[in-house]
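Please look through the structure below before reading my comments. They go from the whole chain to single residues.

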Amino acid sequence: MTDSSVKPIELTAVRQLVDNTDRLVSNALEVARRKTDAGKDIDEAQPQCERLAYAATELAAAQNLLAYAVAAAEHGERDAVVEAMAAVFAAEVAHRLSSQLDAHVGEFGLSDEVLNDTLGAAVMKAIVRAALSDARVQAIGSHVIGQRGVNHSWIAEEMAVMSRDAVRQFAVTEVMPIADRLHRQDELIPEDLIRKMAELGYFGMSVPEEFGGGGMGNLVMIITTEELSRASLAGAGSLITRPEILTKALLKGGTDAQKKKWLPRIASGELMVGISVTEPDIGSDVASVKCRADVGEAGGRKGYLINGAKAWCTFAGRADVLALLARTDPDMKKGARGLSLFIVEKDPFTGHNFEMRQPAGGTLVGRADATPGYRGMHSYTLNFDNYFVPAENLVGEAGGLGKGFYLQMNGFAAGRLQTGGRATGLAQAALERTADYANDRRQFGEPIGNFQLTQYKIGRMATHIMAARQLTYAAARAMDADESIALEPAMAKLFASDVAVWVTQEGQLLHGGWGYAEEFAISRCVVDALVLPIFEGVKPILELKVIARNLLAG
Ligand SMILES: Cc1cc2nc3c(=O)[nH]c(=O)nc-3n(C[C@H](O)[C@H](O)[C@H](O)COP(=O)(O)OP(=O)(O)OC[C@H]3O[C@@H](n4cnc5c(N)ncnc54)[C@H](O)[C@@H]3O)c2cc1C
């Protein structure tokens, strides 16, 4: 950092702050666990559980950012800016939690003493005040502006660093030049780009080698997604998400024959995938999905006939297969246990509307819904009418009947991890565009990056992005160790998506009027980011039904 007047904060002090925040969150969780019967009665205390889920998520981000700063120092890569970020972020989280607890002390069921013994203690307040000094945040911002926001952060795993460099180069040459056009003309991702990504093995990164994938694991996959999303969220960064979701569902619940049949073709990029869960009237309440799959046959083959509507199926036009969640048991009382997951084959189409007719008469009609951002893949409303799917395309075959909800949720955990990477990459793009602008735009006779408030704002933006990055990387490493986890990817998705929304909007403001012009990429970043807290579990549902439920059950 350039500002030598900013006194560094020892990481041991940051550790104390994070540990005290942890004590407070743990106390609040314990009370909520009792109050909600280990999470069964979350709906009786929704606002409190939402607050807790968010506080625990921010705490996890602070812990991971601190662990990262410590690990870097231990590996001889000590970074004063990262250490300052760890201090600032931990202090912001502690401060926010104290004031929330103070305001809602009754709902949290904690006494003033617990607060006074932890974050309310004089020594903790002193650390928070020192960490949050305007000069410290400005010094981070000034450094980031000087670097034009570029991310060269240290990563322990050599393979991940090599992947970051290679994908960044690819994204700069192949994606960035077309990103603006795709968005403004609402075009579909070009075939040429899909082919190049396929040749580089981007679609099979977490498919095991025995099924034709790279077996590279989740961290490399996340960093690849981050770099592609930095160039364009929908024009490249989101392409890997769908194959990832289906891959994870197949690995979990597919038969050996299904894994051998589908995974190599997904990994090679021969098959593009769409995920179809949401319906026009059914979103968060997935267990109530109505689209039917009834036993039937076509052309002498046994299988299922699909009837019903689906909504928001991204990339459904171009996709060769749709992972479709449908009701195989007509008894609605069975809820989630009546749902099964199918691999629905279709022809690829490039337009905003398509109609697929099967020889036996079944039809699938798709219409893309116009959206302000997230263009390049197009998201479709679908109508299935007696659309035939062979029996062998039921994931898990006969053993998979009634297991679709569970397999889909497993796939969504992978999707959420992906979104942590997508959001971090998009926020990073906004930071770089804003740092560039702060260098180049002059007002009152000097670059706007010279002003204290610009530095302060960019310092906070960069700090939150680093926290989102470390939370997401930690979730990827945790998923490498245990594929069944749900909490860590959900936290990464929740936090990184919010960071992306906030950072893109801060960046837009720092662009002034030009931030609202389509020709400046920041305006695309803003509208793209808005979708991140919506899909794969809209924010309130992710907080309550995934994060709070997991935390309170433990
Ligand atoms: C651009 C885009 C792409 C998408 N891509 C896909 C895709 O590829 N495949 C797919 O299947 N889906 C996709 N989706 C759908 C997305 O996953 C859903 O929109 C999301 O799950 C929310 O469902 P919903 O829109 O029906 O909202 P609803 O479920 O109607 O929720 C609306 C609001 O109601 C409140 N709410 C609902 N239930 C509760 C509750 N129990 N407690 C408290 N509050 C509650 C919350 O505030 C919530 O935000 C996409 C969506 C968009 C916008």
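1. The model is predicted, not determined by experiment. The protein contains 18 helices and 10 strands. Its radius of gyration is 24 Å, close to the 24 Å that the globule rule gives for 554 residues, so the protein is as compact as a globular protein of that length. Along the principal axes, the C-alpha atoms fill a box of roughly 80 × 55 × 40 Å.

2. Of the 554 residues, 57% count as buried, that is, they have under 20% relative accessible area. Among contacts with a separation of 6 or more, 76% are between residues 24 or more positions apart.

3. Charges. The protein carries 57 positive and 69 negative side chains. The centres of the two sets lie 2 Å apart.

4. Helix α17. How many of the 9 residues of helix α17 are buried? The count is 7, so this helix, residues 521–529, is largely enclosed by the rest of the structure. The buried residues are Ile522, Ser523, Arg524, Cys525, Val526, Asp528 and Ala529; the list includes Arg524 and Asp528 along with Ile522 and Val526. Their cover includes α8 (158–185), α10 (218–231), α11 (233–237), α14 (404–440) and α16 (487–510).

5. The structure holds 11 aromatic pairs. In one of them, the ring centres of Phe170 and Tyr202 are 5.5 Å apart and the planes are at 85 degrees, so the pair is edge-to-face; the cut-off for that label is over 60 degrees. Phe170 belongs to helix α8, while Tyr202 sits in the loop between α9 (191–199) and α10, and the two are 32 residues apart. Phe170 is buried at a relative accessible area of 9%, and Tyr202 is buried at 5%.

6. A ring pair between strands. The rings of Tyr304 and Phe342 have centres 5.0 Å apart and planes at 65 degrees, so this pair is edge-to-face. Tyr304 lies in strand β3 (residues 301–314) and Phe342 in strand β5 (residues 339–345), so the pair ties together parts that are 38 residues apart in sequence. Both Tyr304 and Phe342 are buried.

7. A ring cluster. Which residues do ring pairs link into a cluster? They are Phe349, Phe354 and Tyr380.

Technical notes:
Residues numbered from 1 in each chain as written. Predicted model: local features only at pLDDT ≥ 70, side-chain atom pairs only at ≥ 80, totals over all residues. Heavy atoms only, no water. Helix = DSSP H or I, 4+ residues; strand = E, 2+ residues; numbered from the N terminus. Rg over C-alpha atoms; globule rule 2.2 N^0.38 Å. Buried < 20%, exposed > 50% of the residue type's maximum accessible area, 1.4 Å probe, protein only. Contact = heavy atoms within 4.5 Å. Lys, Arg positive; Asp, Glu negative; His and termini not counted. Charge placed at Lys NZ, Arg CZ, Asp CG, Glu CD. Phe/Tyr/Trp six-rings, centres within 6.5 Å; stacked < 30°, edge-to-face > 60°.
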